[in-house]
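Please walk me through this protein model. I would like to see how its parts are held together, in running text.

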Amino acid sequence: MQPASKPASGPLHSPTSRSTKRDRVVSIFLGQEGHVTADELVELVRREDQQISRASVYRALQWMVDAGIARKIDLGQGRFRFEHSYRQPRHFHLICRSCNRSFEFFSSDIEALIEDIAAARSFTLRQSVLQIHGTCESCRTGRPALAEAEAARIVFTRDALRIAMATERSGLEFYTRAARLMTRARGRRLFEKLAGKARDHLSILERRYRELLREAPQVESRATVLFFTGAANGLFAAGAAELPPHPTARQTLTVAIRCVRGAHRFFRRHSARFEDEADKRIFLEIAAAERGHLDLLIRAVRALGDRRRGRPA
């Protein structure tokens, strides 16, 4: 009878194997908010598991950067910091040279420009870093700085509502102009109805915005964090430029459908970039509203086709 063999030893069977260590470091890292240095992460990991070495933390950090889970950034403090990018939208930084604080902002306009530049040069984009260095308002004026977490959520909601209102206003202007351009009364009535729908939704958004300001009046003076100017104003402006001097209702509806579909896709795509449910929800609400407008436009096109074929609309 052969003696029982001893269990295999080595890294794979050690109490804390390399993959287990890395998973632990990744879990702790993803639980942090903001930016951490490698040394800060080492301290956080050591509090929970003394067996994980500094070298293991460094290797795990590099693995996360290579895998796209973490971003390595230089905020001008003489050492690199890391922030997690897993299911997080791309954002950019303002860095104060006086107090070394950093301020995040989001911009679909900058994202689109970066992607256009990369595409024009057949360049495969892996990571982009934009840092704007200068002096923050607190250091420039001497006024005490507000805690960034104090109104971060409400500022985000404020900016999202502003984007939604700007998008709705551009749609209202498009439909109002289209109604004026229509030579037939039926087409004019159709676009007046669409303008009325846009006006009603804009009123709802404006009421929500006023309620937000009543709840937190100080939020109006906070700096913008969402810069989506192109999405808010550009879609319908580009569509309006395509209309001939005397467009038909079908021509105008076709342009409007393309604009609204573009807005729906834009907000739907951006909602998927946010992990936080509250941030995600505000973009999903805007996307759902654009989806409703799109359905209305498609029904209008079908009704035009039915009238041409002599069917009841």
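Arg-24 and Glu-48 join their side chains in a salt bridge, with 2.3 Å from N to O. A salt bridge here is a side-chain nitrogen of Lys or Arg within 4 Å of a carboxyl oxygen of Asp or Glu. Arg-24 belongs to helix α1 (residues 18-30) and Glu-48 to helix α2 (residues 38-48), so the pair ties together parts that are 24 residues apart in sequence. Helices (H or I, at least four residues) and strands (E, at least two) are DSSP runs, numbered from the N terminus. Arg-24 is partly exposed, at 33% relative accessibility. Glu-48 is also partly exposed, at 48%. Buried means under 20% relative accessible area, exposed means over 50%, and partly exposed lies in between (1.4 Å probe, protein chains only).

The model is predicted: local features need pLDDT of at least 70, side-chain atom pairs count only at pLDDT 80 or more, and totals for chains, interfaces and linings use all residues. Residues are numbered from 1 along each chain as its sequence is written, and side-chain values use heavy atoms, with hydrogens and water left out.

The structure holds 8 salt bridges. One of them pairs Asp-39 with Arg-54, whose closest N and O atoms are 2.8 Å apart. This pair links distant parts of the chain: Asp-39 sits in helix α2, Arg-54 in helix α3 (residues 54-67), 15 residues apart. Asp-39 is partly exposed, with a relative accessible area of 39%. Arg-54 is partly exposed too, at 33%.

Now turn to a buried pair. Arg-158 and Asp-159 meet through their side chains in a salt bridge of 2.8 Å, N to O. Arg-158 counts as buried, because its relative accessibility is 0%. Asp-159 is buried as well, at 2%.

Two strands count as paired if DSSP finds at least two bridges between them.

Start with β3 and β4. Strand β3 (residues 92-96) pairs with strand β4 (residues 102-107) in the antiparallel sense, over 4 bridges. Within this pairing, Ile-95 stands opposite Ser-102 in β4. The two strands form a hairpin, with 5 residues between them. In the turn, Asn-100 has a positive phi of about 65 degrees.

Then follow β4 to its other partner. β4 and strand β6 (residues 226-227) run parallel, joined by 2 bridges. Phe-106 has Leu-226 of β6 as its bridge partner. Ser-107 stands opposite Phe-227 in β6. In a regular strand the side chains alternate between the two faces of the sheet.

His-91 lies in the loop between β2 (80-84) and β3. His-91 is buried, with a relative accessible area of 9%.

Ala-166 is part of helix α6 (residues 152-181). Is Ala-166 buried or exposed? Ala-166 is buried, with a relative accessible area of 16%. Ser-122 has a positive phi of about 50 degrees although it is not a glycine. Ser-122 counts as exposed, because its relative accessibility is 70%.

The last stop is the surface. Arg-184, Arg-186, Arg-188 and Arg-189 form a positive patch there. Patches are made of residues with over 30% relative accessible area and no salt bridge; like charges are joined within 9 Å, and nonpolar side chains (Val, Leu, Ile, Met, Phe, Trp, Tyr) within 5 Å. Lys and Arg count as positive, Asp and Glu as negative, while His and the chain ends are not counted. Arg-186 is found in helix α7 (residues 185-215). Arg-186 is partly exposed, at 48% relative accessibility.

Terms used
Accessible areas come from the Shrake-Rupley method with a 1.4 Å probe; for residues, only the protein chains shown count as cover. The place of a charge is taken as NZ of Lys, CZ of Arg, CG of Asp or CD of Glu.
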